[in-house]
Amino acid sequence: MTKFKSDFLQTLHERGFIHQVSDESGLDNLFATETVTAYIGFDPTASSLHVGSLIQIMMLHWLEKTGHRAVALMGGGTGMVGDPSFKDEARKLMTLDTIQSNIDGIKQVFSNYLSFEGEPAKSLMVNNADWLAPLNYLEFLRDVGQHFSINRMLSFDSVKQRLDREQSLSFLEFNYMILQAYDFVELNKRYGVRLQMGGSDQWGNIVNGIDLGHRLGTPQLYALTTPLLTTASGQKMGKSMNGAIWLNADLLSAYDFWQYWRNTEDADVERFLKLYTTLPLDEVARIASGDINEAKKRLATEVTAMIRGRAAAEEAAETARATFETGAIDLSLPTATVTHAELASGIGILAALVTAGLAASNGEARRHVQSGAVRINDAVIDDDKLSIGDNALLSEGVIKLSVGKKKHALIKPV
């Protein structure tokens, strides 16, 4: 189907979100005639989601924006087990305190995309621990477990890949599929959820929930997945050379977040404008057909504005302009602090690069120096044993470190 009746599915289609739908015409009719409640699950494996989850968050945003109700499901219960989907090995088990702490951190982002206030709220955030934790295991086996075929579960790609590589798949993880399917049914009973959305690697888990719902007497449930998203060069979204691109402000500055999108590959700019911003499609086409560097800046500013606020996005854009176009020292660049005593006695260039977040290790820092990529106050450094002292301080009271043309940070004594 290339033309949907419903605003929601047509929007997702035009902007490139749709990979698979369990029943296109049935789901389209539902969205065209009713206010639909749909959900996406998020595992609390860290205190923040990263850019790889942003496509799912944007789908919930469009769901609400087109007049429907979004449910962001926090996996406080399933997080105790761990999703085995396409993982090389079992995830480390987390304590209840760690899971709750991670959920608290993840919640910070969603208020920028969804409206949880009001009565009734346009969107909901719920925790599957509310119904999974009190389950009676024997009753659950009898009432739910009987509907699952081990033969069919073994056929899912997420399981086959682990078994084909002769990697262990624990019984604990195997239960994840059943718990996720039960989530779908429980969400339908509690909140009238009719659709589960997720990445393409979740298709088997979502279909399990549809089948379980059919056996347990729910209304028809539906599945919708997004394509596996990679950059034009094949890199997985959410990762960079220096680690994950976190969504939470306490883990990644607005400037570094802006820079991640500014460095988008040319071939990805129009696609990312469609997926990660709410700009009208005719404006996206106009921007993408113009100067590619200006298009990248607009992409970076719009994505950053949605998650960090317009003021933070504009400040990041101005910092980049001042740094790259005028060569000025902008004090809003990412800044690492050292003591006056440390600077007076001298800080090794490798340690300084790591401290400033421009290298993940001394080894990586050394490679940057040896390749001629490192500069102090815009002067190229080729000595990996160099010690930086307070004589390197600029009039602004900082030291500017750079790796290549696009990565900059300041060292400031306190």
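**Close-up views of a predicted model**

View 1. Glu318 is partly exposed, with 36% relative accessible area. The model shown here is predicted. Arg321 is also partly exposed, at 34%. Glu318 and Arg321 form a salt bridge, and their closest N and O atoms are 2.8 Å apart. Both residues lie in helix H15 (residues 310-325), three residues apart, or about one turn of the helix.

View 2. Arg298 pairs with Glu302 in a salt bridge, with 3.1 Å between the closest N and O atoms. The two are separated by about one helical turn because they sit four residues apart in helix H14 (residues 292-308). Arg298 is partly exposed at 26% relative accessible area. Glu302 has 12%, so it is buried.

View 3. Arg190 forms a salt bridge with Glu186, and the closest N and O atoms are 2.8 Å apart. Four residues separate them along helix H9, which means about one helical turn. Arg190 is partly exposed, with 42% relative accessible area. Glu186 is buried, with 11%.

**View 4. A nonpolar surface patch.** Tyr137, Leu138, Leu141 and Phe171 make a nonpolar patch of about 460 Å². Helix H6 (residues 137-143) gives the most, three residues. Phe171 belongs to helix H9 (residues 171-191). Phe171 has 59% relative accessibility, so it counts as exposed.

**View 5. An open sheet.** Five strands line up in the order S9-S15-S14-S11-S12, with mixed pairing. Strands S9 (335-338) and S12 (379-380) are the edges, each pairing on one side only. S14 (residues 399-403) and S15 (residues 407-413) pair antiparallel over five bridges. Ser402 stands opposite His408 in S15.

Technical notes:
Residues are numbered from 1 along each chain as its sequence is written. This is a predicted model: local features need pLDDT of at least 70, side-chain atom pairs count only at pLDDT 80 or more; totals for chains, interfaces and linings use all residues. Side-chain values use heavy atoms; hydrogens and water are left out. Patches are made of residues with over 30% relative accessible area and no salt bridge: like charges are joined within 9 Å, nonpolar side chains (Val, Leu, Ile, Met, Phe, Trp, Tyr) within 5 Å. Accessible areas come from the Shrake-Rupley method with a 1.4 Å probe; for residues, only the protein chains shown count as cover. A salt bridge is a side-chain nitrogen of Lys or Arg within 4 Å of a carboxyl oxygen of Asp or Glu. Buried means under 20% relative accessible area, exposed over 50%, partly exposed in between (1.4 Å probe, protein chains only). Two strands pair if DSSP finds at least two bridges between them.
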